Amino acid sequence: MLDALHANLVSPAVLFFVLGLVAAIAKSDLKFPEPLYAGLTIYLLTAIGFKGGVAISQAGLGAVWLPGLAAMVLGALTPLWTYPVLKTVGRLPAVDAAAIAAHYGSVSAVTFIAATNYLTAINQPYENYASAFLAVMESPAILVGVVLGKMAMNRSGNFPEASLKTAMHEALFGRSIVLLVGALVVGGLCGERGMSKVEPFFVTPFQGVLALFLLEMGIVAGRRLGDLRKVGPFLLAFGIIVPVINGALGVWLGKLTALELGGATLMGVLSASASYIAAPAAIRVSLPDANPTLSLTSALAITFPFNITVGIPLYLAMARWMYA
Amino acid sequence: MNTHPMKLVTIICEAHAREPVKKLLREAGAHGYTLFQVEGEGSRGERTAEIQEFANIQIETIVQPDVAAALMEKLERDFFPRFGMIAFESDVRVLRPKKF
């Protein structure tokens with residue numbers, strides 16, 4: 001475990017992430033222009049989607065559908081157990097509990113990408129088609145969370161501009177989903193021959209782009225650290241304990257659906273990660289009474305750094321233990 | 001030059017409020033708007049515009065005075081309690097008043 005942790009902590013991606021955190025804490029004027037952030041996101045999602053699509057074309061849909069379905073169900077069910085915990089143990093208002101539950105059921109693409117990068121670096125093989133799990137896990141939990149929040153809000157007044165329909169549209173046609181699913185389909189149609197054409201662009205520079213992107217994410221997460229004071233000890237603990245539980249569930253479900261050790265680790269990483277782009281966008285318009293500081297701070301300033309540094313090697317260790 | 005009095009309503013808000021505000025403008029009877037990304041600092045902290053979703057946006061619309069009054073009222077009632085947002089109106093003079 002310590003070796004695995006060390007290997008992760010000294011990878012370029014994680015060190016650049018730490019650099020970003022330090023820059024933000026030191027109030028450096030280092031910042032990325034918005035178009036660069038958007039461009040790097042597009043690159044990473046397209047590359048990972050395309051690679052996943054090519055892998056599906058090789059493995060066949062028959063190998064992918066069962067773990068994919070399991071991933072989707074796991075994502076959708078996560079809010080159902082975190083919501084009551086947030087409400088009763090955390091004593092949070094129902095609408096905040098629903099919003100946070102949605103964030104934790106949904107996934108973080110960057111965490112997933114960093115995990116694939118880590119597995120590659122330590123020569124741990126994994127199923128490349130796991131990016132399909134990333135694609136199907138983003139939306140269901142958001143919709144479940146919105147429904148939970150709406151049910152609670154009906155008793156306390158409503159906001160005319162917010163509807164389940166807008167949340168559905170955000171969750172299903174947000175730019176990350178469109179890019180990821182689109183690239184999966186394109187990769188699936190092109191197969192290995194297509195891969196050989198785009199490999200110099202989508203595969204070779206990938207690690208460098210990821211390192212640059214994590215530098216930016218370090219800055220973004222670091223700026224949120226000040227908000228930690230506002231969220232209280234319960235959410236601090238929640239943001240670390242829940243990923244560990246969800247990570248274990250994900251790894252276990254991966255094993256149950258016959259994934260290899262690497263694939264099960266990735267399923268654990270996905271289950272453990274929390275969304276901080278797609279979920280806030282959908283939740284802000286559909287549950288505007290929820291306090292965004294709570295959900296965004298726990299997902300972005302607690303869970304994301306935890307997963308990037310300690311979580312990923314921890315889920316691998318869990319997988320090694322379960323597969324031993 | 002024959003100019004006509006009209007109201008300019010300016011809304012500065014978190015980017016996540018974009019769609020609800022656009023919907024409100026349509027329903028209130030605004031015939032158009034201009035939207036741009038901005039950064040700034042206010043009661044809810046600093047918003048640096050490096051991620052589109054975390055940025056602020058500024059929406060400007062020129063409308064008839066009665067539409068402006070209705071808009072401001074709805075913003076105050078439904079939006080201010082929920083979103084990071086400020087809004088203000090000012091007097092402007094326009095050509096082609098039918099456009100607004």
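## Helices α2 and α10 of chain A

The crossing of α2(A) and α10(A) is right-handed, a crossing being right-handed if the near helix is turned clockwise from the far one by less than a right angle, and left-handed if anticlockwise. In this predicted model, local features need pLDDT of at least 70 and side-chain atom pairs count only at pLDDT 80 or more, while totals for chains, interfaces and linings use all residues. Residues are numbered from 1 along each chain as its sequence is written, and chains are lettered from A and ligands numbered from 1 in the order in which they are written.

Helix α2 (residues 12–25) of chain A packs against helix α10 (residues 206–224) of chain A at an angle of about 30°, with the axes 7 Å apart; helices (H or I, at least four residues) and strands (E, at least two) are DSSP runs, numbered from the N terminus. Axes are lines fitted to C-alpha atoms, for helices over the stretch in contact, and angles run from 0 to 180 degrees between N-to-C directions. That angle makes α2(A) roughly parallel to α10(A), where angles under 35 degrees count as roughly parallel, over 145 as roughly antiparallel, 65 to 115 as roughly perpendicular and the rest as oblique. Among the residues that make the contact are F16(A), F17(A) and L21(A) of α2(A), and L210(A), L214(A) and M217(A) of α10(A), two residues being in contact if their C-beta atoms, placed from the backbone, lie within 7 Å. By class, this contact has 17 nonpolar, four polar and two charged residues; Ala, Val, Leu, Ile, Met, Phe, Trp, Tyr, Cys and Pro count as nonpolar, Asp, Glu, Lys and Arg as charged, and the others, Gly among them, as polar.

## Helices α8 and α13 of chain A

The axes of helix α8 (residues 164–173) of chain A and α13(A) come within 8 Å and cross at roughly 165°, and the two helices are therefore roughly antiparallel to each other. This crossing, too, is right-handed. On the α8(A) side the contact includes L164(A), A167(A) and E170(A), and on the α13(A) side it includes A281(A) and V285(A); by class it has six nonpolar, two polar and one charged residues.

## The sheet of chain B

Four strands of chain B form an open sheet in the order β2-β5-β1-β6, with antiparallel pairing. Strands β2 (34–38) and β6 (85–94) of chain B stand at the edges with a single partner strand each, so one side of each is left without a neighbour in the sheet. The twist from one strand to the next averages 20°.

Strand β1 (residues 4–14) of chain B pairs with β6(B) in the antiparallel sense over 10 bridges, two strands being paired if DSSP finds at least two bridges between them. Within this pairing, F88(B) is the bridge partner of T10(B). Helix α2 (residues 65–79) of chain B packs on the sheet and touches β1, β5 (56–63) and β6 of chain B, its direction making about 20° with that of β1(B). I12(B) stands opposite I86(B) in β6(B). Strand β1(B) also pairs with β5(B), in the antiparallel sense and over eight bridges, with V63(B) of β5(B) as the bridge partner of K7(B).

## Contact between the chains

The contact between the chains takes 18 residues from chain A and 14 residues from chain B. On the chain A side, α3 (34–59) and α13 (278–286) each supply at least two residues, and α13(A) gives the most, with four residues. By class, this side has 12 nonpolar, one polar and five charged residues.

## Confidence

The model scores ipTM 0.81 and pTM 0.91. The mean pLDDT of chain B is 91, and 98% of its residues reach 70 or more, pLDDT being the predictor's confidence in each residue, from 0 to 100.
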